[in-house]
Number of protein chains: 2
Amino acid sequence: MSETTKYLLDESKMPRFWYNIAADLPRPAPPVLHPGTHQPVGPDDLAPLFPMELIMQEVSTEREVPIPEPVREIFRLWRPSPLFRARRLEKALGTPAKIYYKYEGVSPAGSHKPNTAVPQAWYNQQAGIKKIATETGAGQWGSSLAFAGALFGIDVTVFQVRVSFDQKPYRRALMETYGARCIASPSNETNCGRAILAKTPDHPGSLGIAISEAVEVAATNDDTKYALGSVLNHVLMHQTIIGQEAMLQLEMAGDDPDVVVGCTGGGSNFAGIAFPFIGQQLRGGGKTKQRRIVAVEPAACPSLTRGQYAYDFGDTAHMTPLTKMHTLGSTFTPPGFHAGGLRYHGMAPLVSHLKELGLIEATAYHQSQCFQAGVQFARAEGIVPAPEANHAVLGAIQEAMRCKREGKSEVILFNLCGHGHFDMSAYSSYAAGKLVDVPYDEAELAMALAGLPSVAA
Amino acid sequence: MSETTKYLLDESKMPRFWYNIAADLPRPAPPVLHPGTHQPVGPDDLAPLFPMELIMQEVSTEREVPIPEPVREIFRLWRPSPLFRARRLEKALGTPAKIYYKYEGVSPAGSHKPNTAVPQAWYNQQAGIKKIATETGAGQWGSSLAFAGALFGIDVTVFQVRVSFDQKPYRRALMETYGARCIASPSNETNCGRAILAKTPDHPGSLGIAISEAVEVAATNDDTKYALGSVLNHVLMHQTIIGQEAMLQLEMAGDDPDVVVGCTGGGSNFAGIAFPFIGQQLRGGGKTKQRRIVAVEPAACPSLTRGQYAYDFGDTAHMTPLTKMHTLGSTFTPPGFHAGGLRYHGMAPLVSHLKELGLIEATAYHQSQCFQAGVQFARAEGIVPAPEANHAVLGAIQEAMRCKREGKSEVILFNLCGHGHFDMSAYSSYAAGKLVDVPYDEAELAMALAGLPSVAA
């Protein structure tokens, strides 16, 4: 029997459409509201921030949105990405389950983020935009947009959370190699940054603050737009190429997943692997296989499992519209942990909506368990996962061990959203026994939730 | 016209044989000599260090050596690797040349090294070996053998050059994640290490010293064998899967290279891309296209362009046999530069022999030029090359610019042997203008060459 099994799609089968789950929802997600009027926002309200094509995608209810050919051309650098059967891991676990993983670490930036960075840069270029501002935490998104910007001749400015800017210079170096400008946030370049620094000169920054700075730059400069790497509908839709490919690859393998697992920060890689499968179920009524869809989040930033489903701001300075989502409160600062890509107070509105509809489950794990799973995976399968991806690895292992206890040979699919080559210092800490679990502050969470904006139903 | 062009081989076309250039040489390479007797060594002399299957490959003159199926199974994790047409780079250079690159950074360790690490670990496992000792500089080889060891249940001990051990902890973390033991060299674990530390307690180490330590451990422990990541005939042969795949992929593209470019440290990735093409020429006599084969080495460690073709030791403590090669002298310590994988005093005997036969050319560049080329490549093609690979990138760009001057649309193929995600601090230094060229010490080179062992012809 073959020990490694890779399922590669022919390039001609790379999806030509993104899948838009809005077309199949039993009821639409709550509208996005203007923060002043609390009335639903229209496309014009978003025009200062995004090119109109992306705004139309944000509000679209078309099931299939064509992927432009120049975007597919760039995707061919690494797509279709491989699907693997984790036979050696199955053996190590002694499970009767079949474990498959979709591997997105093959992109030039090492994660799934270029799946949306490339189309976002392209739509901006088509609209004549020459500059984009964005934010990044650990740097996966910032480096991916820098990569896409280099290919389409767009100047990219990235506000990077200061603690990451200082402590993790490698993804910053990657952004700069691609020609992007990287600024520690909070910075002196924006009103919002200056106000924070005036109060707290050594502020470590947060994703919420960095978003405020990037949005301010875009809102106050006619030649600059804004780009977000997760959370928004169109960003999640761009990632559905992952799940669509996985579906075709599992057909090649002759399998259909019982459980689909992804890690969640803002929600985009999870949506990417899961939405096409959820959509199939929604369209099939009772006739399709009923799958469990499991979101795995960090216990230190548990928006889906401990947050409130409420209208909230996406940023700290309250410059964004209000969206209904699972949130820990826009003033909540998650403790420092290594999966920087999962350190966000809110959850994508679409993912939150699906949770409310009972279409997905959520679970939360501490980072030390996740790294243990990641090391076990690396030694069995050879690929070292990013700290974010370790949450999905652990989620899949937990399901496989349940199958072992129950004597079931279920099919488990998870998304390995990136490699860990930029995160080896975290693995060093883990190996040295220095990686500790960092609980959030319950009092701070209570205060942040108490401060949620009050929006009439 | 398509902007990105990727040529992917079907898995069924992954080569089933390694190509052994020894079968096609117009005259054989000079024999390896015993350091005491100066007589040719036989397989038994090497038995303490290597399993017999690898020794037989080392001395084989069979043109095709079968790749064991369990090795091909592991290769499927990342092989066949992609071949790309660098259309955006061609456009940026304004060259009429066609540039193709074979990309080996898709392996779990991020470089070409697993192509030989996996078979070496497998042959050791088949011979009942439970432990392997090896050395590594920057860590590409050590992490690749650690990866292979994890898959085949072999304990791997890596002696890592101390300056890299201290300054570049990320590949060490990768080795440890795979379960290998990593020791700073010179160490107190060997006679040779202790002798050096007694004289120079803060010795920064060198690849030559680390080889001595690993060989000593293997030679003095019955249960332990030794593995080398480059230089030896069987190691170069394992890498020929690169060139064989590239040949099939260029056929798909309808092209045949006029120039083949690779970077050279010990010589293995260069041999991997070049030997199958050289072999085709040798077998074809005058009937095959006459290609130029260009080896690019660091100006700070220029064994092919400035070394002497002479018998020398592979290590500093003179524990290895004597091989005829281009060498800077086994006591020569190359200055510190970022392409740690190219920092070796000698060149593979087979590559050296081909140079003497006039079948390959060699050129040397300083690292600042190489990084400039690497940044240009990253912004055009999206992939950030390893510092070692930047030498090949620059070599290819120089050829493309010559084609522009001469108005020729030649076909250029180069090997992009690894990604730079572990080397972003070097890119940071380059971006900050802090990366300087480090010439070697002419007096030290003269002394090292004067100290070459005298071997009767």
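How many of the 14 residues of helix 10 of chain A are buried? The structure is a predicted model, in which local features need pLDDT of at least 70 and side-chain atom pairs count only at pLDDT 80 or more, while totals for chains, interfaces and linings use all residues. Residues are numbered from 1 along each chain as its sequence is written, chains are lettered from A and ligands numbered from 1 in the order in which they are written, and side-chain values use heavy atoms, with hydrogens and water left out.

Twelve of the 14 residues of helix 10 of chain A are buried, and the helix is thus mostly covered. Here, buried denotes under 20% relative accessible area, exposed over 50% and partly exposed in between, computed with a 1.4 Å probe on protein chains only. Helices (H or I, at least four residues) and strands (E, at least two) are DSSP runs, numbered from the N terminus. Among the buried residues of helix 10 of chain A are Leu207(A), Ile211(A), Val215(A) and Ala218(A), together with the charged-class positions Glu213(A) and Glu216(A). The elements covering these buried residues include strand 6, strand 7, strand 8, helix 9 and strand 9 of chain A. From its first C-alpha to its last, helix 10 of chain A reaches 20 Å, close to the 20 Å expected at 1.5 Å a residue; the expected span is 1.5 Å times one less than the number of residues.

The packing of two helices is described by the angle between their axes and the distance between the axes. Helix 9 (residues 191-199) and helix 10 (residues 207-220) of chain A pack at about 140°, their axes lying 8 Å apart. Axes are lines fitted to C-alpha atoms, for helices over the stretch in contact, and angles run from 0 to 180 degrees between N-to-C directions. Helix 9 of chain A is therefore oblique to helix 10 of chain A, given that angles under 35 degrees count as roughly parallel, over 145 as roughly antiparallel, 65 to 115 as roughly perpendicular and the rest as oblique. On the side of helix 9 of chain A, the contact (heavy atoms within 4.5 Å) involves Asn191(A), Cys192(A), Gly193(A) and Ile196(A), which meet Ile209(A), Ser212(A), Glu213(A) and Glu216(A) in helix 10 of chain A. These residues comprise three nonpolar, three polar and two charged, where Ala, Val, Leu, Ile, Met, Phe, Trp, Tyr, Cys and Pro count as nonpolar, Asp, Glu, Lys and Arg as charged, and the others, Gly among them, as polar.

An open sheet of four strands in chain A has the order 8-7-6-9, with parallel pairing; two strands pair if DSSP finds at least two bridges between them. Strand 8 (181-185) and strand 9 (224-226) of chain A are the edge strands, each pairing on one side only. Neighbouring strands of the sheet are turned by 25° against each other on average, direction ignored. Strand 6 (residues 131-136) of chain A is joined to strand 9 of chain A by three bridges, and Ile132(A) stands opposite Lys225(A). Helix 10 of chain A packs on this sheet, touching strands 6, 7 (155-161), 8 and 9 of chain A, and its direction makes about 170° with that of strand 6 of chain A. Strand 6 and strand 7 of chain A run parallel and are joined by six bridges, with Thr136(A) opposite Gln160(A). Strand 7 of chain A is largely enclosed by the rest of the structure, because six of its seven residues are buried.

Strand 15 (residues 411-416) of chain A is likewise mostly covered, six of its six residues being buried. Val411(A), Leu413(A) and Asn415(A) lie on one face, and Ile412(A), Phe414(A) and Leu416(A) on the other. Six bridges pair strand 15 of chain A in the parallel sense with strand 5 (residues 98-103) of chain A, where Tyr101(A) stands opposite Phe414(A). Strand 10 (residues 259-263) of chain A pairs with strand 15 of chain A in the parallel sense over three bridges, and Val259(A) has Ile412(A) as its bridge partner.

Helix 15 (residues 367-381) and helix 16 (residues 387-406) of chain A pack at about 80°, with axes 8 Å apart, and are therefore roughly perpendicular to each other. By class, their contact has eight nonpolar, six polar and no charged residues.
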